[in-house]
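Hello,

Here is the structure to look over. My notes follow below it.

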Amino acid sequence: MWNRDEQDSQFSEMIEARLSRRGFLTGTAAVSAGAFLALNPVAKAVAAKPTSSLLKFEPVPASTADTVVVPKGYKATPLISWGDPIFANAPEFDPSGKQQSAAQALQFGDNTDGMSLFPISEDRAVLAINNEYTNYEYLFDHQGKNMTSDDVLKAQAAVGNTIVEIVRKDGQWMIDRNGKRNRRITANTQMKMTGPAAGHDLLKTAADPSGTMPKGTFNNCANGQTPWGTYLTCEENFNSFFGANTEGSVNADQKRYGISAKPSDYQWQKFDERFDVTKNPNEPNRHGWVVEIDPNDPNSTPLKRSALGRFKHENAALTINKDNHVVVYLGDDERGEHLYRFVSKNKYQKGNDAANRDLLEEGTLYVAQFDMEDKALKGQGRWLELTFGKNGLTPENGFNSQAEVLIFARRAATQVGATTMDRPEWVAVHPNNEYVFCTLTNNKNRGKEGQPVGGPNPREKNNYGQIVRWMPVKGDHTAEMFAWDLYLIAGNPTVNQGNLYAGSENINANNMFNSPDGIGFDKAGRLWIQTDGNYSNKGEFEGQGNNQMLCGDPITGEVHRFLTGPVACEITGLTFSADQKTMFIGVQHPGEELQASNFPAGGNSKPRSTIMMITREDGGIIGA
Ligand code: FEO
Ligand code: CA
Ligand code: CA
Ligand code: CA
């Protein structure tokens, strides 16, 4: 567990120094330099930090090999790949691409993404996994060029979630196809809308005049886990599944969410009117939410939690504040969109999960505003409330209810003056509950109109990304104010010198990468960082190789490369067995767009998204 005495004293001093400054608390004066560890090329005055006591593995070099490489003494073993059966009566995977929708509905979905492990006993657990989208070039023998109605059903069954029990035998976890909790949730699973937006006119459709019973979840990117035993799956680029058979027009709100009325690449609207926005203009409003699922009850109805706002959700980083309010940090992954915080109305009651079950139904949503001190790369910020009737969220400005504020959270965020960010991806709260990290993956549009360079987004045409971290005032996650700095600025110090594109001082030729995306802490406070970036290994990205996973010490700033992925993949999703001796990570879309990969089976096999289990040959804790 987190050892405050050994590892946290430096941060504690920093918090003290920062929060005792009147200027910070009143929000008027700049925060002094040096309060945070200044791990950036502008502030070179900071002394070198001692070698991390957290990072005990031997780092691996960048790689372009079509395999998963892990440190010496570690091994990586596949757990489950797209198309593997999750029920005893399910057909085996057929690589021909001719398998029908009924088979896919009983098999592991495509494009594994965020996931959480829920222990049942020492050697049994349930894994809840997101299946973000699907790759037509591998899903079908015709690669999507000759879609039938069953092909649309098959694609709809390839996305959503997979819930599956795993058992450990002789130290090795494996899928239990007879697990009582095993379940597929797809684009056609019945859900229920809850919270302030439920039943609003904007959520009503011909098929559901109540506006409370949406069907399906898709583009489930990353995730969250609650202490009352539920899984949070976050709907991200839902717009890509909507279209129209004949080109039509869209309004400004639809446009802000990327909805267009023209034939979509997935072609669902051809056979399923629900996805034709000219026929069902409100259907997209029923997507873009955080969905709460009970992984222990395969008959439960997933609940869309409207109080957490509608946008392109990345993950849901939940923490219990010291006053027992539930706080959830939420990124909206689009260039120039925002970072959000939800605070529950009611309080968490330890041991009373029945009462906790609806804590995400009511609360207050906020959006972040960061101060933009010139070139400081640190400063303060505040949470702006997104409540109808406050901060200009009024009828004069086009908001008529809290439901509208939540359904059009992006427009509400703009109205209150939120900071445009470089694509907020995952947020992770440190196990000491005092500070929070968020990956800002990249943003080629930074510097263009409406997206000024500065604050936590310091580079024009940002192709590498950065990680921002913040501490709420007095460690109170419900506080208005916070202090922030940049934990790292990704870059390429061999291609760029003497500017921010070289990266921060904790980035060097041996650990460089681009586009940080998935992040998460283990129990000891190691920060695991996964990438979803440019894997060309050329030009600005020369020497960075395939997508990868790194491990950072959140105090010293040291970052070491832990793992490299196969060709044309993204590494995304991480969770651990309760004893931290097995780490589960996702290899998403190896060989995407028909690039040369045969991961994981090798030979001439079809590449398949796969969950990998990382273990140590000596059975020890991962990373230690
Ligand atoms: Fe699905 Fe923003 O990544
Ligand atoms: Ca992501
Ligand atoms: Ca990404
Ligand atoms: Ca991806």
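Is Glu-425 buried or exposed? Glu-425 counts as buried, at 1% relative accessibility. (Buried means under 20% relative accessible area, exposed over 50%, partly exposed in between, with a 1.4 Å probe and protein chains only.)

Some ground rules. This is a predicted model: local features need pLDDT of at least 70, side-chain atom pairs count only at pLDDT 80 or more, and totals for chains, interfaces and linings use all residues. Residues are numbered from 1 along each chain as its sequence is written, chains are lettered from A and ligands numbered from 1 in the order in which they are written, and side-chain values use heavy atoms, with hydrogens and water left out.

Asp-532 is partly exposed, with a relative accessible area of 25%.

Next, the salt bridges. The structure holds 35. (Each is a side-chain nitrogen of Lys or Arg within 4 Å of a carboxyl oxygen of Asp or Glu.) Arg-423 pairs with Glu-425 at 3.5 Å, N to O. Arg-423 also bridges to Asp-333, with the closest N and O atoms 2.7 Å apart. Asp-333 is buried, at 4%. Arg-423 is buried too, at 17%.

Best wishes
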